[in-house]
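My entries follow in the order of looking.

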Amino acid sequence: MSDYKLFVGTICPYCQKVESFMEENNIEIEVVNIENDRDAMRELIEKGGKRQIPCLYHDGEYLYESDDIIEFLKENK
C-alpha cells in the first residue's frame with residue numbers, strides 16, 4: 001500500500017491497536033513515530049490540521065480514530 005503513511009506515538013494504545021491489526025493482516029504501510037521524527041510531527045500538524053494520533057494519510061486525506069483507520073484498512077487492503 002504505497003502512498004500511505006501511518007503516524008503513531010510510542011506509548012499510544014490506539015496506535016498499538018492499529019499496528020497490531022496491520023501486523024495480523026500482513027498490511028505494510030510506512031509507519032512514522034512523531035515522537036522520534038519532528039518533521040513528521042510538523043507535517044501532521046500543518047497538513048492534517050492537528051497532532052492527534054493515530055492518523056492514516058492516504059490520497060491527500062488524513063484519517064483519525066483507530067477504529068475508523070482499521071475499518072478503512074479492512075475495506076482497502
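**Entry 1: charge pairs**

I began inside helix 2, where R42 and D39 are three residues apart, so about one helical turn separates them. The model is a predicted one. I checked the pair for contact: R42 and D39 form a salt bridge, with the closest N and O atoms 2.4 Å apart. R42 is partly exposed at 43% relative accessibility. D39 counts as exposed, at 52%.

How many salt bridges does a search of the whole structure find? I get three.

I took E43 and K5 next. Their closest N and O atoms are 3.1 Å apart, and they form a salt bridge. E43 sits in helix 2 and K5 in strand 1, so this pair ties together parts that are 38 residues apart in sequence. Is K5 buried or exposed? K5 counts as buried, because its relative accessibility is 17% and the limit for buried is under 20%.

The remaining pair on my list is K17 with D67, a salt bridge whose closest N and O atoms are 2.4 Å apart. K17 belongs to helix 1 and D67 to helix 3, so parts 50 residues apart in sequence are tied together. I find K17 partly exposed, with a relative accessible area of 37%. D67 is partly exposed too, at 48%.

**Entry 2: strands**

I followed strand 3, residues 55-58. Which residues cover its faces? I noted C55 and Y57 on one side, L56 and H58 on the other, all buried.

Strand 3 runs antiparallel to strand 1 (residues 4-8), and four bridges join them. K5, already noted for its salt bridge with E43, has Y57 as its bridge partner in strand 3.

Strand 4 covers residues 61-64; four bridges join it to strand 3, again antiparallel. Y57 stands opposite Y62 there. I put Y57 down as a link in both pairings: K5 is its partner in one, Y62 its opposite in the other.

Strand 3 and strand 4 form a hairpin with two residues between them.

I also looked up V32, which is in strand 2, residues 30-33. V32 counts as buried, at 8% relative accessibility. From V32 to E43 I read eleven residues in sequence and 11 Å in space, C-alpha to C-alpha.

**Entry 3: backbone angles**

I kept the general rule in mind: most residues other than glycine have a negative phi, and most peptide bonds are trans.

Which phi does D59 have? I read a positive value of about 50 degrees, although D59 is not a glycine. D59 is in the loop between strand 3 and strand 4. The relative accessible area of D59 is 56%, which means exposed.

N26 also went on the list, with a positive phi near 50 degrees. Its loop lies between helix 1 (13-24) and strand 2. N26 is exposed, with a relative accessible area of 69%.

Then I checked the peptide bonds. A cis bond joins I53 and P54, with omega about 0 degrees. P54 is in the loop between helix 2 (38-48) and strand 3.

**Entry 4: surface charge**

Which residues form a negative surface patch? I list E65, D68, E71 and E75. E71 is partly exposed, with a relative accessible area of 38%.

Key:
Residues are numbered from 1 along each chain as its sequence is written. This is a predicted model: local features need pLDDT of at least 70, side-chain atom pairs count only at pLDDT 80 or more; totals for chains, interfaces and linings use all residues. Side-chain values use heavy atoms; hydrogens and water are left out. Patches are made of residues with over 30% relative accessible area and no salt bridge: like charges are joined within 9 Å, nonpolar side chains (Val, Leu, Ile, Met, Phe, Trp, Tyr) within 5 Å. Accessible areas come from the Shrake-Rupley method with a 1.4 Å probe; for residues, only the protein chains shown count as cover. A salt bridge is a side-chain nitrogen of Lys or Arg within 4 Å of a carboxyl oxygen of Asp or Glu. Lys and Arg count as positive and Asp and Glu as negative; His and the chain ends are not counted. The place of a charge is taken as NZ of Lys, CZ of Arg, CG of Asp or CD of Glu. Buried means under 20% relative accessible area, exposed over 50%, partly exposed in between (1.4 Å probe, protein chains only). Two strands pair if DSSP finds at least two bridges between them.
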